[in-house]
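Here is a short report on a predicted model. Please keep the sequence and the structure in view while reading.

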Amino acid sequence: MTEPLLSMRDVSVTYHGSGGAVPAVRRVSLDLERGGSLGLAGESGCGKSTLANSILRLLPPDAVVEGQIVLDGKDVLSLRPGGLRAARWTAGAIVFQGALHALNPVQTVGRQIAEPMLIHGTVPDEEAAERRTVELLGRVGLPAARADSYPHQLSGGQRQRVLIAMALACEPMLLIADEPTTALDLMVQAQVLRLLEELKEEHDLTLLFITHDLSVLTYACRDLAVMYAGRIVEDGPSWEVFGGPAHPYTKGLAAAFPTIGDPSSRMAPSGLGGDPPMPGSLPVGCPFNPRCPYATEACLEAEPELRIAGTDRRAACILV
Amino acid sequence: MAGSLLTLLFVLVFNFFLFRIVQKDPIGSLFRGRNVPQAVIDNLREAFGLDQPLLTQFFLYMRETFSLNFGVSYQSRQPVWDEIVAAIPATVALVGVSAILSAVIGTALGIVAAWRRNTWKDHGITSGTMLFYSMPDFWLGMILLVGLAVVVPLFPVGGIVDAGSTTTGLARLLEQTYHMALPAFTLTLAYLGEYTLVTRSSLLDVMGEDYLTVARAKGLRDKLVRNRHAVPNALLPVITLAAINFGFVLSGAIAVEAVFSWPGLGKATADAIRGPDLPMLQGLFLLFSAAVIFFNLVADLTYGFLDPRVEDI
């Protein structure tokens with residue numbers, strides 16, 4: 001077996017803000033093979049974006065990252081600033097969420113796409129950078145003239161395409177897509193998903209896809225990892241996890257999607273009750289027990305570790 | 001553009017009636033109760049057109065203003081415009097230099113403070129500039145005057161050249177610069193805090209933006225993230241502040257000019273108020289308003305140039 005492109009071992013991220021230590025990610029381990037695709041799912045605040053940003057060390061200074069992150073053979077957490085900058089955007093790049101202010105409002109999008117090429121010297125000069133920018137824009141379905149536009153002149157879908165083109169600028173090996181379809185309407189969502197899928201094939205990319213939308217992940221990724229309260233509570237091949245969830249939390253997530261053609265699923269939605277716990281004050285025992293319909297006395301005692309739940313499948317629940 | 005002209009017209013009308021309310025009998029106060037024959041006073045009233053009904057005075061004032069005749073100073077008996085023009089260079093030099101210095105230094109300090117927030121650099125810069133900002137500028141001027149011109153006589157105590165100086169050319173320019181140092185230093189210190197605080201808070205706002213995370217993710221150096229992505233966005237409100245302050249370049253230093261006997265528009269204003277010299281004050285106020293209005297227009301235009309989201313004004 002070849003070495004995985006991304007390997008995370010017991011990664012924990014703790015924010016040391018004014019309100020004390022807040023554990024956002026707790027002892028997460030995952031491997032992502034070259035050419036593979038992994039979807040990270042979970043509700044807001046479960047730590048999935050924190051985990052994604054820890055890969056390129058983009059967290060604020062008050063976040064302490066422990067464990068080991070190896071990206072393309074490099075131990076990310078022990079890289080010096082120069083080495084870290086060199087690895088950013090070349091070993092791994094991020095498709096940020098277009099709905100946020102991920103684009104600088106006072107710079108043309110063309111300049112912003114070309115910037116990493118010039119920083120990393122992947123093109124010989126500005127002219128070549130411009131040519132490649134136009135090429136990339138064309139690849140994501142935008143006309144060359146869009147290079148001279150400012151972000152506010154673009155629609156949400158166009159901005160998302162620009163962010164995708166930007167992420168491809170230095171031909172990264174790992175593409176981290178952080179909620180790339182959030183806040184887009186369904187048609188545009190589908191277009192963006194198809195585009196990402198095509199690009200993954202063309203460029204032989206490895207994809208780490210983050211979203212709260214389980215159905216999107218099932219479509220886009222071979223493997224799935226579900227996070228709850230800073231930990232992975234279930235992982236395995238997408239269709240198996242979505243089709244036959246082992247962890248009660250995954251069951252709740254999967255049940256939240258209405259079955260098309262079945263009115264009863266729409267009339268009586270069977271999603272999850274309650275709210276996810278605050279990372280600063282986790283419940284005793286299994287952090288899901290206050291919301292879990294199957295909770296027993298034993299669930300209050302200790303937090304369950306991931307255990308085997310089938311071929312290539314794991315779940316952190318004592319009922320498995 | 002049309003709005004600016006309308007504002008100016010309003011100032012013109014307002015100025016006239018304001019001073020008529022403030023001072024009913026300017027000629028009487030000119031002599032300050034000294035025993036002057038009534039005939040002399042009547043003559044003067046007539047000469048300045050003050051014997052006419054108020055409305056007639058107003059139309060005369062408007063007509064003359066539009067033909068760029070601002071009247072004759074009560075005190076010096078010279079045309080107001082000549083008096084003002086003579087005082088402009090001194091003020092523009094003093095306040096202009098201070099405005100530029102405080103804008104550049106203040107903004108730079110604000111950037112450092114925000115980028116290194118909650119460090120000793122930030123605390124030092126913020127509290128230091130706040131200290132000077134909270135002092136009255138004339139008081140700061142007096143302290144500096146006593147300290148650096150009287151106790152330790154490094155600088156001249158006032159004026160634009162030494163009394164009876166006969167220097168010319170470059171030597172005179174140097175002499176004037178030397179005299180300007182202390183008042184310019186005072187004004188720069190006094191204005192600094194505003195820029196530092198506005199820049200700091202504006203940059204802190206920007207520093208939470210996602211596009212800075214994106215810039216870091218691309219592999220940019222910290223300095224490049226700051227200069228290329230953070231500062232251009234944070235400077236927008238600072239530009240407005242600078243433009244407004246430049247509008248006050250002509251009028252802003254009344255107290256400091258008085259402290260340092262600097263023969264500029266500020267001192268001319270202080271002297272005219274003491275009169276009161278109505279034509280002089282009307283002329284000065286019109287000029288000050290025109291400058292403020294003009295620089296606000298410049299601010300709007302610059303904003304449109306710097307921020308692509310502002311299409312037209």
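Helix 3 of chain B, residues 38–47, is hardly covered. The helix has 10 residues, and the count of buried ones is 0. Buried here calls for 20 or more other C-beta atoms within 10 Å of the residue's own. Gly49(B) follows helix 3 of chain B. The phi of Gly49(B) is positive, near 75°.

## Two domains in chain B

The domain assignment of chain B gives two parts: domain 1 (2–66) and domain 2 (87–306). Their C-alpha centres lie 34 Å apart. The two domains of chain B do touch: 12 residues of domain 1 are in contact with 11 residues of domain 2.

Which elements give two or more residues to the domain 1 side of this contact in chain B? They are helix 1 (2–22) and helix 2 (26–31) of chain B. Helix 1 of chain B gives the most, with 8 residues. By class, the domain 1 side has 7 nonpolar and 5 polar residues, and no charged ones.

## Where chain B meets chain A

Between the chains, 18 residues of chain B are in contact with 21 residues of chain A. On the chain B side, the elements that give two or more residues are helix 9 (210–217) and helix 10 (222–247). Helix 9 of chain B gives the most, with 6 residues.

How does the chain B side divide by class? It has 7 nonpolar, 4 polar and 7 charged residues. The side of domain 1 of chain B that touches domain 2 has none.

## Chain A overall

Chain A has 10 helices and 12 strands. Its radius of gyration is 20 Å, close to the 20 Å that the globule rule gives for 320 residues, so chain A is as compact as a globular protein of that length. Along its principal axes, the C-alpha trace of chain A spans about 65 × 50 × 45 Å.

Of the 320 residues of chain A, 45% count as buried. Contacts in chain A also reach along the sequence. Among those between residues at least 6 apart, 61% join residues at least 24 apart.

## The four-stranded sheet of chain A

In chain A, 4 strands form an open sheet in the order 2-1-4-5. The pairing is antiparallel. Why is one side of strand 2 (20–32) and of strand 5 (74–75) of chain A left without a neighbour in the sheet? Both strands stand at the edges, each with a single partner strand, so one side of each has no neighbour there. Helix 1 of chain A, residues 48–55, packs on this sheet. This helix touches strand 1 (6–17), strand 2 and strand 4 of chain A. The direction of helix 1 makes about 110° with that of strand 1 of chain A.

The pairings can be followed across the sheet. Strand 1 of chain A runs antiparallel to strand 2 of chain A, joined by 9 bridges. Tyr15(A) stands opposite Val22(A) in strand 2. A hairpin joins strand 1 to strand 2 of chain A through 2 residues. Strand 1 of chain A is also joined to strand 4 of chain A, by 8 bridges and again antiparallel. Met8(A) stands opposite Ile69(A) in strand 4. Strand 4 (63–71) and strand 5 of chain A then pair in the antiparallel sense over 2 bridges. Leu71(A) stands opposite Lys74(A) in strand 5.

## The eight-stranded sheet of chain A

Another open sheet in chain A has 8 strands, in the order 6-7-8-3-9-10-12-11. Here the pairing is mixed. Strand 6 (92–95) and strand 11 (307–308) of chain A stand at the edges. Each has a single partner strand, so one side of each is left without a neighbour in the sheet.

Strand 9 (223–228) and strand 10 (231–237) of chain A run antiparallel, joined by 6 bridges. The bridge partner of Asp223(A) in strand 10 is Pro237(A). Helix 5 of chain A, residues 156–168, packs on this sheet. Helix 5 touches strand 6 and strand 7 (174–178) of chain A. Its direction makes about 175° with that of strand 6 of chain A.

Notes. Residues are numbered from 1 along each chain as its sequence is written. Chains are lettered from A and ligands numbered from 1 in the order in which they are written. This is a predicted model: local features need pLDDT of at least 70, side-chain atom pairs count only at pLDDT 80 or more; totals for chains, interfaces and linings use all residues. Two residues are in contact if their C-beta atoms, placed from the backbone, lie within 7 Å. Ala, Val, Leu, Ile, Met, Phe, Trp, Tyr, Cys and Pro count as nonpolar, Asp, Glu, Lys and Arg as charged, and the others, Gly among them, as polar. Domain bounds come from an automatic or database domain assignment. Two strands pair if DSSP finds at least two bridges between them. Axes are lines fitted to C-alpha atoms, for helices over the stretch in contact, and angles run from 0 to 180 degrees between N-to-C directions. The radius of gyration is taken over C-alpha atoms; the globule rule is 2.2 Å times the number of residues to the power 0.38. A residue is buried if 20 or more other C-beta atoms lie within 10 Å of its own, exposed if 12 or fewer, and partly exposed in between; C-beta atoms are placed from the backbone.
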